Protein chains: 2
Amino acid sequence: MASIRYLAKELKLSPATVSRALNNNPLVAAEVRQRVLNAANKLQYVPTIGRRETMNIAFAYAGDRSIGSPFDAALMEGLTDRMEAGGFDLLILDVKRAVHPRETFSHMFRRKGIRGAVLRTTTAAKDLCIQIAEEGFPCVVVGESFDRDGISFVRSDSLSSSRDAVNHLIDLKHEKIAMVVNQVDDSDHLDRIAGYREAMSTRGLKVDDRLIFRIPAKREGGIQLIRRLAAMSDRPTALFFADPLPAIGAMMEAQKIGWNIPRDLSIIGFDDAELRFMVNPTMTAICQDARELGRMAFESLTLLFSQKGRELQNSAVRRTLPTQLECHGSTGPVCS
Amino acid sequence: MASIRYLAKELKLSPATVSRALNNNPLVAAEVRQRVLNAANKLQYVPTIGRRETMNIAFAYAGDRSIGSPFDAALMEGLTDRMEAGGFDLLILDVKRAVHPRETFSHMFRRKGIRGAVLRTTTAAKDLCIQIAEEGFPCVVVGESFDRDGISFVRSDSLSSSRDAVNHLIDLKHEKIAMVVNQVDDSDHLDRIAGYREAMSTRGLKVDDRLIFRIPAKREGGIQLIRRLAAMSDRPTALFFADPLPAIGAMMEAQKIGWNIPRDLSIIGFDDAELRFMVNPTMTAICQDARELGRMAFESLTLLFSQKGRELQNSAVRRTLPTQLECHGSTGPVCS
DNA sequence: ATTGAGGTTGGAACAGTTTCACTAACTGTT
DNA sequence: AACAGTTAGTGAAACTGTTCCAACCTCAAT
């Protein structure tokens with residue numbers, strides 16, 4: 001369709017100049033480059049190798065790059081699970097780093113021969129995802145959900161399992177149940193808070209805002225929280241964490257200052273991987289299947305490529321994966 | 001150099017047929033494809049996009065795919081650290097899955113436009129690495145070392161820090177110090193055993209082969225080991241683990257059966273990531289900087305591309321990264 | 001005014017891929 | 001047995017993207 005030569009004819013330039021502009025070659029005038037980029041975006045230009053469409057899919061970090069987490073690793077594993085069969089290759093990149101000055105994101109993807117992207121993001125970078133999606137580039141976001149149309153995403157259903165978790169604590173006769181959540185909200189975490197509130201009020205427990213603690217989503221956050229609790233006169237008997245690492249930190253610090261878990265304090269965390277088995281006692285946690293999430297992301301992306309995807313155009317692909325509450329050793333009946 | 005058309009002329013075929021053969025298109029006769037592949041390998045054919053050399057680097061799993069580990073995640077992070085500046089992109093693949101029937105590995109890499117590969121491997125797949133290296137494809141192995149010439153690799157220096165670890169235990173007056181190591185050996189683990197033996201004999205302690213325990217490198221392995229130790233009449237007072245997960249499992253199981261760590265048992269593990277901080281007490285461990293290892297792997301690879309690399313040809317690039325012993329709460333003086 | 005340097009641009013050559021037409025062999029039908 | 005239809009395999013040609021080289025244009029210095 002829209003080839004380099006077609007663009008060239010349209011813009012009354014040579015193919016050479018268009019190619020240079022698309023590759024951010026400095027030997028092209030700024031004004032010309034801008035015109036070429038605009039035309040390429042408008043005409044939905046997609047580079048090919050010879051006559052073959054490229055078969056790369058990007059796992060793209062929008063925002064902080066944090067490959068380090070087991071969650072990302074599992075996600076990637078799921079992504080690659082089905083890719084080989086379709087002849088796709090997986091490319092890792094950091095969108096902020098990869099994009100050249102005065103280049104749109106979708107253009108950067110095209111320059112690298114990428115057909116579609118799985119965007120791994122955090123709330124801080126939500127805008128970035130919206131921007132990329134609005135440029136019309138096929139992408140699926142993991143780790144955030146969006147209200148507006150036109151943005152595809154896959155997510156875990158945090159709401160119902162959060163409800164389950166809190167109900168489990170209430171079944172154990174806990175009443176002062178605190179929710180511990182990251183300082184910055186994303187939609188996933190908002191769901192977790194909603195689940196907490198729902199379960200509490202349904203079972204006739206008052207939700208006191210002072211029972212919702214905001215901490216950084218790191219191990220240190222959990223440690224600090226325990227130190228705060230230790231000073232309280234009327235502290236909660238159970239904690240529900242919306243993130244894995246603070247839950248671990250809290251368990252360790254609590255034991256360090258002599259509390260017995262679960263006798264003196266019950267803890268429920270989240271787990272993307274196998275962390276719940278690495279602490280003593282093993283941790284009751286809500287588990288999400290990150291690998292399956294990766295598979296779903298890939299399938300959503302291929303759906304966007306297909307004819308059906310073209311029809312959907314503005315209505316996006318959205319999938320939700322159920323999560324499970326796994327009961328282990330960090331929760332027990334309230335001890336009064 | 002060796003282009004498709006050059007190959008075609010050489011083999012008295014059309015460029016079309018050569019292209020098909022190289023892409024494993026089924027519409028080409030088996031005998032012809034074989035001839036093309038042989039010629040491509042002999043003439044060191046490298047595909048290009050237009051006239052530009054491809055800029056992909058592969059993070060290739062040779063053997064079991066195990067992206068899941070934090071070690072791999074950190075490795076990848078290190079790899080990508082410097083890549084963007086050089087204009088390279090990182091491609092993830094599983095060599096066994098990616099390779100087509102009757103296709104050499106180097107050919108598969110070339111088909112995908114890959115300039116060089118970082119091979120992440122295990123001992124079980126050591127042969128695979130040797131094969132790829134012998135095909136002459138630029139690659140750097142991580143996680144294994146090789147005696148023979150012509151194979152580049154980056155590794156952590158396990159020997160000296162293993163010595164440090166055991167010496168630390170001896171300083172704490174331990175005498176019955178056991179070494180716990182994976183059932184299958186790789187050169188890295190052999191180094192760790194060597195370090196153990198060296199330290200023991202230098203300090204005048206006898207190395208009893210019954211003090212070297214072989215277990216699967218999983219959490220469960222450590223659990224099983226503790227159960228075995230519990231039944232022994234004259235059990236070791238300290239354990240030196242060559243792998244992260246069994247050390248964690250052992251700590252948990254030991255505490256479960258009522259042993260106090262470090263009073264009843266001192267434990268030293270390995271840590272690629274942050275696991276040592278997630279257990280209680282925090283774990284004394286040998287830490288390797290997987291991220292730096294990734295950076296080194298990338299730099300070694302680019303060295304192989306450069307002119308200097310051409311000269312080296314048969315003598316390979318080899319780098320070793322020091323590791324550190326970090327003392328935390330899981331080791332203490334022997335208690336008699 | 002002339003010359004030279006540097007920035008831009010286009011033409012041409014060349015890289016790989018696929019479409020289309022063609023051949024040869026094989027298969028099934030009359 | 002003869003014929004038609006199908007299929008595997010091949011090559012020419014058309015098309016895609018990139019870079020080398022020559023040409024052009026502008027501006028400053030002589």
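Start at Phe59(A), which sits across from Ile92(A) of strand S4(A). In this predicted model, that pair belongs to the link between S3 (residues 56-62) and S4 (residues 89-94) of chain A, two parallel strands joined by six bridges.

Now step across to the other chain. S4(A) also pairs with S4(B), this time antiparallel and over three bridges. Here Leu90(A) faces Ile92(B) of S4(B).

What about the rest of the contact between the chains? In total, 31 residues of chain A meet 29 of chain B. On the chain B side, helix H4 (70-86), strand S4 (89-94), helix H5 (95-98) and helix H11 (244-256) each bring at least two residues. H4(B) gives the most, with eight. Sorted by class, that side of chain B holds 16 nonpolar, eight charged and five polar residues.

Finally, look at DNA strand D. It has 26 residues around it, the closest being Ile4(A), Ala16(A), Ser14(B), Gly50(B) and Arg52(B). Helices H1 (4-11) and H2 (15-22) of chain A, along with helix H2 (15-22) of chain B, are the elements giving two or more residues to this surface. H2(A) has the largest share, five residues. The surface near DNA strand D is made up of 13 nonpolar, eight polar and five charged residues.

Conventions: Residues numbered from 1 in each chain as written. Chains lettered and ligands numbered in written order. Predicted model: local features only at pLDDT ≥ 70, side-chain atom pairs only at ≥ 80, totals over all residues. Pairing = 2+ DSSP bridges. Helix = DSSP H or I, 4+ residues; strand = E, 2+ residues; numbered from the N terminus. Near = placed C-beta within 6 Å. Nonpolar A, V, L, I, M, F, W, Y, C, P; charged D, E, K, R; others polar. Contact = placed C-beta atoms within 7 Å.
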